[in-house]
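Visitor: Could you walk me through this structure and tell me what stands behind the words used for it?

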Amino acid sequence: MVSNTSSNANTPASSKTASNQFTCGNPKSVDHLLKHELKGNCTDVDVRNFTDAMWMKQANRIDYESAEWKNFTKRVKEDEIMKENLQDYKASRKEADLHVPFISLLTRITDLFHEDQAFKKRRKPLFHALRNTVIGDSDESEDATPSQRKPNGVGVLDIGTAGENTSSPDSWRNVVLCMEFKMPTATGSSISGLARDAAQSISHELSSTQSPDLPCALEFFSSEWMQTAAPVGQNLTSENSSINQEDSSMEGKLANWDDARVKIPSSDYYWAVPQSDTQVSVHSEGERDESENELSHRMVQLSSYALEIFHALGNRIHAFGILAVKSQLTFAYFDRGGAIFSTFNLDEMFDELIKFIVAFSVLDATGLGFNAHLQPPQGAPCESKAALSQKELSGYTMTVGNKQITLKSLRDHRYGLVSRGTMVYFGHIEGVDDIVAIKLSWQPCNRTAEWGFIEHAKAKGCPDDYLVKVHACAKFEDLALSKGYRSHFLEKGIELNYEDREPRVLVSERLFYIGDLPSEALAHALWYIIRGT
């Protein structure tokens with residue numbers, strides 16, 4: 001087994017803590033930051049390895065060598081409706097014309113699979129062509145995405161009941177597959193692999209003239225944006241967040257903490273990522289030393305959809321995507337360590353598309369990317385309507401140590417893909433009457449947990465009154481990146497570029513932001529700090 005090769009060496013310094021999170025609505029700055037986060041954390045693999053990895057730790061894994069599977073794939077390829085959909089897709093001459101036939105293609109594969117009695121199914125996913133629709137952006141919804149992304153297509157879990165209209169998704173919470181469609185560029189007809197999909201260098205001189213037949217990589221590096229500075233006093237800083245402060249007094253907070261919500265800041269705010277640090281290394285399987293190519297804008301766009309999936313509810317461990325450039329398809333896997341891509345020719349390897357789409361009908365909740373340790377209210381399964389109809393994890397429970405905790409009110413939620421994805425809730429824990437603070441985050445496995453420092457301070461004689469009281473803490477090592485989807489590649493000796501992370505939970509006494517204290521209490525607090533007592 002080969003362990004992760006990037007570790008701290010290839011991980012940007014800002015990605016080693018929670019400080020690289022952004023809270024912006026500017027799509028261009030989101031793209032810029034994603035390039036910064038994905039630098040050195042992407043790997044291009046063979047498509048057969050990609051689809052095989054989806055079945056890691058699945059009890060009902062499909063045997064691709066079985067007679068039942070071979071008969072099914074033969075039926076799919078000979079199906080007249082399938083042939084018609086495939087012909088319509090290949091005949092499309094405009095990007096907008098690609099959406100419907102490709103979605104129809106995926107839907108037909110799913111329909112044929114569910115008609116076949118030889119396989120066990122868990123669910124029937126739905127696929128939608130969105131045609132520039134902002135998911136969750138309606139007058140009735142507060143779930144508008146921070147970057148206002150408009151995916152070309154999505155695969156969702158059917159959370160409707162009998163008689164309900166499930167023709168279009170209304171939230172990123174039930175999206176399990178995001179899709180982007182592009183027409184091939186004049187020089188991109190022979191694109192093979194992610195490294196070659198980056199047709200133009202991201203580190204290209206911004207002042208140079210862009211070739212008319214290379215309209216891909218630098219469109220978001222417009223000179224207008226690059227010369228625009230954030231409003232004075234509004235540049236975001238580390239760990240910047242916006243928290244509801246409707247109640248100005250401590251008493252008000254104690255009385256109304258259940259109603260607290262994190263507010264999405266204005267789209268006028270964005271991160272000013274250093275412009276000189278934009279190159280993203282993408283290493284091909286077996287050619288890692290030779291490939292120093294850049295992640296194309298197409299992939300960054302797909303990555304931004306995964307970011308929305310991660311942030312929508314906070315209970316995801318990974319997400320999947322498809323980039324369709326006519327016959328060149330790219331499968332994508334995203335987690336807190338980065339991304340794994342695989343590009344192949346649809347005409348030559350149509351079986352791999354069948355494997356990929358069928359998996360969404362069979363994988364368990366963990367395989368789809370849901371955190372099984374977070375249990376929805378009333379014990380509903382992760383992919384049920386009860387679990388996906390909420391905007392927060394309020395009411396969710398999980399076991400930390402030997403105690404059950406209940407999440408109640410979201411206080412902070414950090415954005416980011418290759419990041420800790422930190423969430424802070426107020427809630428309850430067994431055996432404690434007071435409201436507690438619950439921090440959930442994806443931390444590097446080789447880093448000392450916060451409670452380790454607290455225990456060290458106690459061992460050195462620091463009085464308990466000077467330390468935060470910890471009620472419970474846990475590392476969920478079973479969800480470490482190296483033990484999930486990525487373990488398939490590691491067991492084959494394939495090097496992956498990422499820093500291994502695992503979800504950790506810290507349950508402590510609730511503390512208040514010092515700026516929220518009443519003026520009299522604030523004066524006393526500052527005086528005690530100055531005196532050092």
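Guide: Here are some questions about terms, each answered with a value and a rule.

Guide: This is a predicted model, where local features need pLDDT of at least 70, side-chain atom pairs count only at pLDDT 80 or more, and totals for chains, interfaces and linings use all residues. Residues are numbered from 1 along each chain as its sequence is written, and side-chain values use heavy atoms, with hydrogens and water left out.

Visitor: Why is Lys182 called buried?

Guide: Buried means under 20% relative accessible area, exposed over 50%, and partly exposed in between, with a 1.4 Å probe and protein chains only. Lys182 has 17% relative accessibility, so it counts as buried. Lys182 sits in the loop between strand S4 (175-181) and helix H6 (194-197); helices are DSSP runs of H or I with at least four residues, strands are runs of E with at least two, and both are numbered from the N terminus.

Visitor: What makes the pairing of Lys182 with Glu180 a polar contact?

Guide: The rule asks for a pair of N or O atoms within 3.5 Å; within protein, one must be able to donate a hydrogen and the other to accept it, and residues adjacent in sequence count only if both atoms are side-chain atoms. The side chains of Lys182 and Glu180 meet at 3.5 Å, and the pair is a polar contact. Beyond its neighbours within four places in sequence, Lys182 is in contact (heavy atoms within 4.5 Å) with residues including Glu95, Arg298 and Leu323.

Visitor: And Asn497, why is that one called buried?

Guide: Its relative accessible area is 0%, so Asn497 is buried. Asn497 belongs to the loop between helix H14 (487-491) and strand S14 (501-509), and its side chain reaches the backbone oxygen of Cys42 at 2.9 Å.

Visitor: How do you know that the buried residues of H4 line one face?

Guide: The buried residues of H4 are Met82, Asn85, Leu86 and Tyr89. Down the axis of H4 they fall within an arc of 95 degrees, so they line one face of the helix; the arc is that of the directions from the helix axis to the C-beta atoms. As background, an α-helix has 3.6 residues a turn, so residues three or four places apart point the same way. The buried residues of H4 pack against elements including helix H3 (67-78) and helix H5 (99-115), while Glu80, Gln87 and Ala91 are exposed on the face turned away.

Visitor: What makes the span of H4 close to the one expected?

Guide: The expected span is 1.5 Å times one less than the number of residues. Helix H4 (residues 80-91) has 12 residues and reaches 16 Å from its first C-alpha to its last, close to the expected 16 Å.

Visitor: Why is the aromatic pair of Tyr89 and Phe102 called tilted?

Guide: Let me begin with the search of the whole structure, which finds 23 aromatic pairs. Rings of Phe, Tyr and Trp (its six-membered ring) pair if their centres lie within 6.5 Å; planes under 30 degrees apart count as stacked, over 60 as edge-to-face and the rest as tilted. Tyr64 and Trp69 form a tilted pair, 5.2 Å centre to centre with 50 degrees between the planes. Tyr89 and Phe102 are also 5.2 Å centre to centre, with 50 degrees between the planes, and their pair is tilted. That pair links distant parts of the chain, with Tyr89 in helix H4 and Phe102 in helix H5, 13 residues apart.
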